[in-house]
Structure formats: C-alpha cells, structure tokens
Amino acid sequence: MSNTLTSTVPVFSGKDFKSFAKKMKAYLQFQGIDNVLTEEKPSPIATTADRKGNEEERKQFDSDDRKARGAIIMRVDERLIDNVPDEDMVTAKKLWDYLNKTYGSAQLADIFGYLQTALNAKFDERQHPDPQLNVILQQFTRLKNENVAIPEFLQAMILLAIARVKPVT
C-alpha cells in the first residue's frame with residue numbers, strides 16, 4: 001500500500017490542493033476506502049431476534065478511516081500537518097474537510113502565478129508547438145477553475161502575442 005501511495009500521490013506542500021486532492025482521492029478509491037471522506041460512521045444497531053447488528057460494519061469503517069487518515073497524513077508536509085487543530089485530526093473526513101477549507105481555493109498569489117505563467121510563455125520555433133501551447137492553455141483552465149475566466153478573444157490575443165505572429169499588411 002505504501003509503495004503505491006508514495007509513487008502516485010505527491011507530498012502536498014500547501015500549493016495546488018486540487019491536483020493533490022484528485023490524486024489522493026484516486027488512491028483512496030483504488031484502496032476501496034474513499035467512502036470515509038464523505039460518510040459518517042454508521043450509528044450502532046443492536047442485534048435483536050429480528051435483525052442483525054452492525055458491529056462488523058462499524059469496525060470496518062473504523063479500520064478504513066484509520067487507513068485513509070494515515071495515507072493523508074503521510075502525503076501532507078509535516079509543517080502543514082503540525083498546524084491542523086486536534087479536533088480536525090480525529091477522522092479522515094474531518095482532516096479532509098479542514099485541508100479542503102484551508103487550501104481548496106487558490107490564493108491571490110496562485111491566481112497571479114497562473115496568469116504570469118501564461119503571459120511569460122515563449123514559443124521555441126525548433127520544438128513542436130502543441131506541448132508549448134498546452135502549458136498556456138492549462139493556465140487558462142486553472143484560472144477558469146478558480147472563477148477567473150479570461151474571455152476567449154483575449155486568450156487568442158495572448159496566444160498570438162506569445163507566438164509572435166506578424167500582422168498581415
């Protein structure tokens with residue numbers, strides 16, 4: 001389990017939580033324990049003559065929760081984990097909700113960085129344009145995902161300026 005975790009989920013250092021969240025959720029899905037991020041522990045049901053109790057289900061949930069919480073803690077930078085309040089470390093769901101609330105939306109510096117990356121891009125004529133174009137388009141997508149959409153006509157002008165397209169005269 002740990003080998004897969006360390007090779008597929010990067011250590012979250014406080015930047016780009018959305019990318020980290022996608023990979024961590026995929027890992028937890030792969031392990032079959034992602035339900036603990038969205039569900040609460042089942043309430044106890046006592047065994048009676050008419051129905052079976054759910055003690056095994058509750059034990060399984062606790063086990064899955066410990067695994068998920070441990071996986072998240074292992075892939076979040078120690079300095080960030082040390083700042084999580086104790087009450088948010090009790091379950092994987094609480095920890096996940098805390099991380100999402102704290103890091104889930106881009107900060108102004110992140111948004112500026114996305115825009116700056118797009119504006120400062122340079123095309124190398126010796127290389128195929130697709131990968132270079134994808135870097136810029138990825139920044140536009142990141143901005144859109146943060147509700148900072150750049151109109152398509154402005155995106156086109158930025159791309160033309162970066163590509164240094166000469167005007168037709």
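Let me start with helix α2 and helix α3, residues 55-74, which pack at an angle of about 150 degrees with their axes 11 Å apart. This is a predicted model, so please take everything I say as computed from it. The crossing of α2 and α3 is right-handed. On the α2 side, the contact is made by M24, Y27 and L28, and on the α3 side by A68, A71 and I72. By class, that contact has 6 nonpolar residues, with no polar and no charged ones.

Next, the other partner of α2. Helix α2, residues 17-31, also packs with helix α5, residues 92-103. Here the angle is about 155 degrees and the axes are 10 Å apart. Angles over 145 degrees count as roughly antiparallel, and α2 and α5 are therefore roughly antiparallel to each other. In this case α2 passes α5 in a left-handed crossing. Helix α2 contributes F17, F20, A21, M24 and K25 to the contact, and α5 contributes W96, L99, N100 and Y103. The residues of the contact of α2 with α5 divide into 7 nonpolar, 1 polar and 1 charged. Note M24: it is listed in the contact with α3 and in the contact with α5.

How much space lies in the largest pocket? The value is about 330 Å³. The largest pocket is lined by 20 residues, and the closest to its centre are D16, K18, S19, Y114 and E146. The elements that give two or more residues to this lining are α2, α5, α6 (108-119) and α7 (129-145). By class, the lining of the largest pocket has 4 nonpolar, 9 polar and 7 charged residues.

The second largest pocket has a volume of about 220 Å³. Its lining has 13 residues, and A21, K25, L37, T38 and W96 are the closest to the centre. Which element gives the most to the lining of the second largest pocket? That is α2, with 6 residues. Both α2 and α5 supply at least two residues each. By class, this lining has 4 nonpolar, 4 polar and 5 charged residues.

To recap, α2 packs with α3 at about 150 degrees and with α5 at about 155 degrees. Helix α2 also gives two or more residues to the lining of the largest pocket, and it gives the most to the lining of the second largest pocket.

Technical notes. Residues numbered from 1 in each chain as written. Predicted model: local features only at pLDDT ≥ 70, side-chain atom pairs only at ≥ 80, totals over all residues. Heavy atoms only, no water. Axes fitted to C-alpha atoms, helices over the stretch in contact; angles between N-to-C directions. Helix = DSSP H or I, 4+ residues; strand = E, 2+ residues; numbered from the N terminus. Parallel < 35°, antiparallel > 145°, perpendicular 65-115°, else oblique. Left-handed = near helix turned anticlockwise from the far one by under 90°. Contact = heavy atoms within 4.5 Å. Nonpolar A, V, L, I, M, F, W, Y, C, P; charged D, E, K, R; others polar. 1 Å grid on protein atoms, 1.4 Å probe; cavity = no way out; pocket = protein on both sides within 12 Å on 5 of 7 lines; lining within 4 Å. Points joined across faces, edges and corners; volume = space filled by probe spheres on them.
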